[in-house]
Amino acid sequence: MISDAVIQTIAGFVPRENIRRREPMNRHTTFRIGGEADCFVEIESMEQLQKLQRYLRIVELPCLVMGNGSNLLISDRGYAGVVLQIGPRMQQIRLEGDRMIVQAGALMSQVAKAAYEQELTGFEFACGIPGTIGGGVVMNAGAYGGELSQVVSQVKVIDREGNVLELDNETMEFGYRTSAIKSHPFTVVEVTLQLAPGEREAIRSRMNELAAKRREKQPLEYPSAGSTFKRPEGYYAGELIMKSGLRGYQIGGARVSDKHCGFIINTGNATYEDVRDLIAYVQERVKACFGVDLEPEVIFVE
Ligand SMILES: Cc1cc2nc3c(=O)[nH]c(=O)nc-3n(C[C@H](O)[C@H](O)[C@H](O)COP(=O)(O)OP(=O)(O)OC[C@H]3O[C@@H](n4cnc5c(N)ncnc54)[C@H](O)[C@@H]3O)c2cc1C
């Protein structure tokens with residue numbers, strides 16, 4: 001539980017209307033799962049974040065930085081600490097030649113649309129990934145042969161002391177669905193993308209083609225966090241799960257999607273435990289059938 005005095009201090013850094021107590025996190029995750037966070041703060045500037053991070057470190061309050069919540073599985077017990085959302089209030093995009101400088105809370109779909117409008121190519125692959133560019137950089141999000149590491153030239157972050165650091169592509173240590181930020185307590189505030197001049201119609205038709213593929217293959221009509229597991233080397237997780245006889249397998253309200261076995265979906269009333277137990281069961285069956293270890297891509301928050 002967070003005291004009134006702490007909330008008062010936070011309200012000295014961030015407008016009062018951006019701060020909510022006992023905020024249900026199922027409103028902020030694409031899985032539609034998650035209990036209450038003691039405190040939820042919508043960040044609107046780097047300066048606010050610097051002050052808040054410094055303060056939270058001094059008072060030793062746990063904090064969770066999130067974007068659009070599209071890769072998070074949050075416990076039904078909620079989050080005992082402060083959730084900092086880098087989202088709708090930090091979405092500015094500006095252009096410098098072929099480079100786009102994007103605030104971390106901008107959605108990848110918004111960035112893709114802006115790139116298309118400016119006739120810049122290179123970002124089409126990300127148009128259907130339902131996260132922020134900040135979350136995307138942390139995860140090195142990717143699809144259809146592209147990933148953020150191919151277009152990110154600079155990442156502005158702040159550390160828990162509130163210092164600003166500029167990381168170049170190499171320092172980001174991008175790997176498959178990972179980056180240096182996964183193991184450092186940095187918060188992404190701005191991302192610079194290096195794109196290339198392109199042809200408007202070609203950009204649009206590629207984005208339409210990829211959106212159609214997603215609609216055809218993915219269970220977008222259900223809440224989920226996308227692919228539940230990372231792709232194991234030499235295999236496809238969905239195929240292994242299907243061949244293990246788990247298509248449509250259900251625990252409580254959590255189900256292996258019939259449309260794409262790589263997705264675990266919330267059929268309506270899934271709990272955190274339902275999803276966690278289903279993930280564990282799938283891992284066990286796939287290991288027994290194929291000897292392959294599936295590693296979750298989804299991030300557990302307890
Ligand atoms: C239907 C669906 C389809 C998907 N398809 C794809 C796909 O094709 N490819 C793919 O890679 N992913 C996909 N995903 C997963 C997800 O969209 C990506 O992982 C995305 O990059 C997460 O961004 P987010 O803003 O939602 O991050 P969140 O889920 O909010 O957070 C993810 C992680 O990043 C951290 N984080 C978020 N923002 C910041 C920040 N500003 N600074 C520091 N840390 C931060 C969080 O602490 C957490 O560890 C899909 C998800 C869904 C629901």
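You will find Asn140 in the loop between H4 and E9. Those labels are DSSP runs numbered from the N terminus, with helices (H or I) of at least four residues and strands (E) of at least two.

A word on the ground rules. This is a predicted model, so local features need pLDDT of at least 70 and side-chain atom pairs count only at pLDDT 80 or more, while totals for chains, interfaces and linings use all residues. Residues are numbered from 1 along each chain as its sequence is written.

Glu173 has a positive phi of about 45 degrees and is not a glycine either. Glu173 sits in the loop between strand E12 (164–168) and E13. Is Glu173 buried or partly exposed? Glu173 is partly exposed, with 16 other C-beta atoms within 10 Å.

Now the overall layout. The domain assignment gives domain 1 (4–85), domain 2 (93–202) and domain 3 (219–301); such bounds come from an automatic or database assignment. Between domain 1 and domain 2, the C-alpha centres lie 23 Å apart. Across that boundary, 13 residues of domain 1 are in contact with 14 residues of domain 2, where contact means that two C-beta atoms, placed from the backbone, lie within 7 Å. Helix H2 (residues 46–58) gives the most to the domain 1 side, with seven residues. That side divides into three nonpolar, seven polar and three charged residues. For those classes, Ala, Val, Leu, Ile, Met, Phe, Trp, Tyr, Cys and Pro count as nonpolar, Asp, Glu, Lys and Arg as charged, and the others, Gly among them, as polar.

Strand E2 (residues 36–42) pairs with E5 in the parallel sense over five bridges; pairing here requires DSSP to find at least two bridges between the strands. In that pairing, Ala37 has Tyr79 of E5 as its bridge partner.

Tyr79 itself is buried, with 23 other C-beta atoms within 10 Å. Setting aside neighbours within four places in sequence, Tyr79 is in contact with Met25, Ala37, Asp38, Leu64, Ile74 and Val301. Leu84, treated the same way, contacts Val41, Ile43, Leu49, Leu52, Cys63 and Val65.

Leu84 brings us to the largest nonpolar core, which has 86 residues; Val41, Leu73, Leu84, Val111, Val188, Val191 and Val275 touch the most other members. A core here is a set of buried Ala, Val, Leu, Ile, Met, Phe, Trp, Tyr and Cys residues joined through C-beta atoms within 7 Å. Which helix gives the most to this core? Helix H7 (residues 272–290) does, with six residues.

Strands E6 (residues 93–96) and E7 (residues 99–103) run antiparallel with four bridges. E6 and E7 form a hairpin with two residues between them, and Gly97 in the turn has a positive phi of about 65 degrees. E7 is also antiparallel to E13, over five bridges, with Val102 opposite Val191.

Further along, four strands make an open antiparallel sheet in the order E15-E18-E17-E16. Strands E15 (224–227) and E16 (250–251) stand at the edges with a single partner each, so one side of each is left without a neighbour in the sheet. E15 is joined to strand E18 (residues 263–266) by two bridges, and Ser224 stands opposite Ile265.

Finally, the ligand. It is surrounded by 32 residues, the closest being Gly67, Gly131, Gly134, Gly135 and Gly226; a residue counts if its C-beta atom, placed from the backbone, lies within 6 Å. H4 gives the most to this shell, with five residues. The shell divides into 16 nonpolar, 16 polar and no charged residues.

Notes. Buried ≥ 20, exposed ≤ 12 C-beta atoms within 10 Å, placed from the backbone.
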